[in-house]
Amino acid sequence: MATSDGAIDLGDKVVSAIGADTDVQASGIAQEARTTSDIYEALNHGTQVWLSRFTHGLSPAALMGAWFDWATHITAAPGKQLQLVEKANEQVRRHIRYAIECAGSAEPAEPCIEPLPQDRRFRADGWKTKPFNVIHQGFLQQQQWWHNVVTGVPGVTAQHERELQFLTRQILDAFSPSNFPWTNPEVLTRTRKESGLNLIRGAQNYLQDIQNTAAGAAPDGADFYQPGRDVAATKGAVVYRNHLIELIQYKPLTDTVRPEPILIVPAWIMKYYILDLSQQNSMVRYLVEQGYTVFMISWKNPNAEDRDLTMDDYRRHGIMDALQVIAAILPGRKVQAVGYCLGGTLLSIAAAAMARDGDDRLASLTLLASQVDFTEPGELGLFINESQLAFLDGVMWRQGYLDTTQMAGAFQMLRSNDMIWSRMTRDYLMGEREPMFDLMAWNADATRMPYRMHSEYLRKLYLNNDLAEGRFEVDGRPVHISDIRVPIFALGTVRDHVAPWQSVFKIDVLSDTDVTFALTSGGHNAGIVSEPGHPGRTFRIRVKGATERQIDPETWMQETPERDGSWWGVWASWLGERSGEPTALPDMGDPNSAHPAIVDAPGTYVFQQ
């Protein structure tokens with residue numbers, strides 16, 4: 001077996017060290033071995049970083065594995081091949097018949113196929129006119145046929161089938177007739193009406209976006225929503241700061257307050273102020289107006305120096321430190337804890353560990369669009385397999401974190417119709433700019449994810465599902481969601497592509513306490529920002545006692561009536577039922593301890609880029 005000279009020399013040194021009397025020589029050899037291993041690892045990671053530039057962070061090995069699984073099995077499935085040929089012939093015949101009917105009649109013909117309910121590309125009246133009706137019907141038929149190609153192949157794993165569905169959808173979406181000016185009737189009509197000025201504006205928009213991307217600048221209009229002035233403007237003060245969080249205490253707006261403070265744990269994948277947007281839709285302000293003392297964690301935006309932060313660091317120096325500070329400011333008060341998205345998952349872990357250890361400082365638990373069971377994580381699960389995570393580790397290894405652009409790209413691909421192609425058509429072909437608003441500005445104010453924490457999060461929760469299956473450890477011992485005994489309010493959103501409501505619903509199965517589950521209209525972000533008076537909002541809500549029978553999500557949906565309005569009001573009532581009688585206003589911070597008011601809200605971490 002061939003061996004490099006460097007390896008032979010290293011081996012000789014190791015042999016010599018075995019017989020040496022000095023520990024110093026052996027230590028030096030071990031250090032050299034580690035250095036050599038680091039070189040090999042750096043070579044692996046460097047290659048993965050280079051490849052990621054061409055694959056948008058997706059593992060080529062994972063994609064090739066899915067393709068090989070499909071290709072191997074469809075080769076051995078002549079029945080499936082014959083079925084696809086028959087479907088193709090049938091669709092060609094239907095399309096030709098449709099084209100002939102359209103050509104021979106002034107009235108619109110019955111379409112061959114209807115778009116999916118969420119597909120809004122072909123809703124305009126122009127798509128019903130010739131020849132655009134024939135064009136878009138042909139595209140939809142191709143889309144349906146390719147779906148049949150990659151699904152239902154005997155022997156292909158469910159994970160690989162989903163990956164191929166995703167990949168083919170990305171390719172087909174790129175070639176949709178709505179993306180090209182000569183096959184989009186809306187673009188042609190606008191171009192004729194404006195004598196091409198829309199295309200000139202679109203070119204200007206494109207150049208502006210290129211410039212913003214190159215400079216790392218925020219999208220146009222985001223400057224109109226500055227934290228502390230236009231958003232994140234609820235009055236308060238930072239009462240604690242460590243290397244990971246700033247803890248904000250908000251000033252009361254009522255003469256008395258409920259004795260139990262509220263601690264909000266947002267996700268650190270974005271800035272906290274989605275829960276404190278503009279004055280009219282700020283959840284923080286709403287809670288303060290209801291007479292609650294509210295505390296908010298504002299996470300640091302990590303950099304390369306924070307690469308080794310762990311999930312447990314976020315629990316200990318985030319949630320547990322915040323609870324300790326609240327106990328110093330408001331001694332003897334139990335806390336109503338609220339977690340959003342990833343923050344809710346971490347809060348569930350902390351609550352389970354506290355219950356295990358007999359720590360009874362929590363009065364209730366609210367989980368907003370938060371998962372504790374990751375067996376059905378939605379389309380994000382497409383990116384979760386051993387090959388993909390190893391590739392992602394390599395990408396993060398060089399810089400020490402997952403960058404904002406890398407995360408944004410993954411989320412955009414999940415909804416490429418709405419977040420990529422429809423936006424490009426509107427901005428570059430129609431020459432329009434969607435007006436900037438507070439939620440959009442917040443979405444552009446992204447953060448980074450530390451290398452080690454993000455790797456642990458994806459492996460332990462998404463890949464291995466350790467939390468739901470009782471293997472997730474805190475302080476060397478596993479925690480169990482079923483240990484939580486405080487009442488839980490859990491919220492899912494109907495159109496959530498990050499935390500599907502059916503997955504959020506599983507807290508109802510895993511816990512052994514009273515669970516109030518609510519399902520609201522909207523998506524992962526807009527469904528949460530659902531202030532009273534918001535037009536078009538609806539929700540469902542139902543309480544399940546600890547001893548009641550379990551039901552599946554679909555049955556829950558059928559049996560739970562829909563209500564008009566915002567879910568905030570019923571949640572505030574739920575919190576009120578678990579609160580004591582109003583009492584005197586608290587101090588801002590504790591001027592007699594180590595937690596005085598440091599700086600006015602929103603603090604300093606929220607401005608980190």
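1. Pro 227 touches Ala 232, Tyr 273, Pro 602, Val 606 and Phe 607, once residues up to four places away in sequence are set aside, where contact means heavy atoms within 4.5 Å. This proline is placed in the loop between helix H8 (197–215) and strand S1 (236–241); helices (H or I, at least four residues) and strands (E, at least two) are DSSP runs, numbered from the N terminus. At 12% relative accessibility Pro 227 counts as buried, a term that means under 20% relative accessible area, with exposed meaning over 50% and partly exposed in between (1.4 Å probe, protein chains only).

2. Residues are numbered from 1 along each chain as its sequence is written, and side-chain values use heavy atoms, with hydrogens and water left out.

3. On confidence, pLDDT is the predictor's confidence in each residue, from 0 to 100, and the chain has a mean of 88, with 90% of its residues reaching 70 or more. Over residues 1–33, however, pLDDT stays under 50, and for this stretch the model has 11 contacts beyond four places in sequence. Where pLDDT is low, the predicted coordinates should not be read in detail.

4. Pro 602, one of the residues that Pro 227 touches, has its place in the segment after strand S17 (599–600). A cis peptide bond joins Ala 601 to Pro 602, with omega about 10 degrees. Another cis peptide bond joins Lys 130 and Pro 131, with omega about 0 degrees, and Pro 131 lies in the loop between helix H4 (78–103) and helix H5 (132–150).

5. Lys 300 is found in the loop between strand S4 (294–299) and helix H10 (311–329), and this lysine is buried, with a relative accessible area of 17%. Its side chain is joined to that of Asp 306 by a polar contact of 3.2 Å; such a contact is a pair of N or O atoms within 3.5 Å, of which, within protein, one must be able to donate a hydrogen and the other to accept it, and residues adjacent in sequence count only if both atoms are side-chain atoms. Leaving aside neighbours within four places in sequence, Lys 300 is in contact with His 243, Leu 244, Asp 306, Tyr 605 and Gln 608.

6. The open sheet has 11 strands with mixed pairing, in the order S14-S13-S12-S11-S6-S5-S3-S4-S2-S1-S17, and two strands pair if DSSP finds at least two bridges between them. Its edges are strand S14 (563–564) and S17, each of which pairs on one side only. Within the sheet, strand S12 (residues 515–520) and strand S13 (residues 538–544) pair in the antiparallel sense over 6 bridges, and Leu 519 stands opposite Arg 540 in S13.

7. The largest nonpolar core has 121 residues, and those with the most contacts inside it are Leu 247, Leu 263 and Leu 365; a nonpolar core is a set of buried Ala, Val, Leu, Ile, Met, Phe, Trp, Tyr and Cys residues joined through side-chain atoms within 4.5 Å. A second, separate core of 11 residues includes Tyr 98, Cys 112, Phe 122 and Trp 127.

8. A search of the whole structure finds 0 disulfides, a disulfide being a pair of cysteine sulfur atoms within 2.5 Å. Cys 102 is in no disulfide, and the nearest cysteine sulfur, that of Cys 112, is 7.9 Å away. Cys 102 is buried at a relative accessible area of 3%, and Cys 112 also counts as buried, at 15%.

9. Two residues other than glycine deserve a look for their backbone angles: phi of Ser 195 is near 55 degrees, a positive value, and phi of Asp 475 is likewise near 55 degrees. Ser 195 has its place in the loop between helix H7 (185–194) and H8 and counts as exposed at 70% relative accessibility. Asp 475 is found in the loop between strand S9 (473–474) and strand S10 (477–478), and is exposed, with a relative accessible area of 55%.

How values were computed: Predicted model: local features only at pLDDT ≥ 70, side-chain atom pairs only at ≥ 80, totals over all residues.
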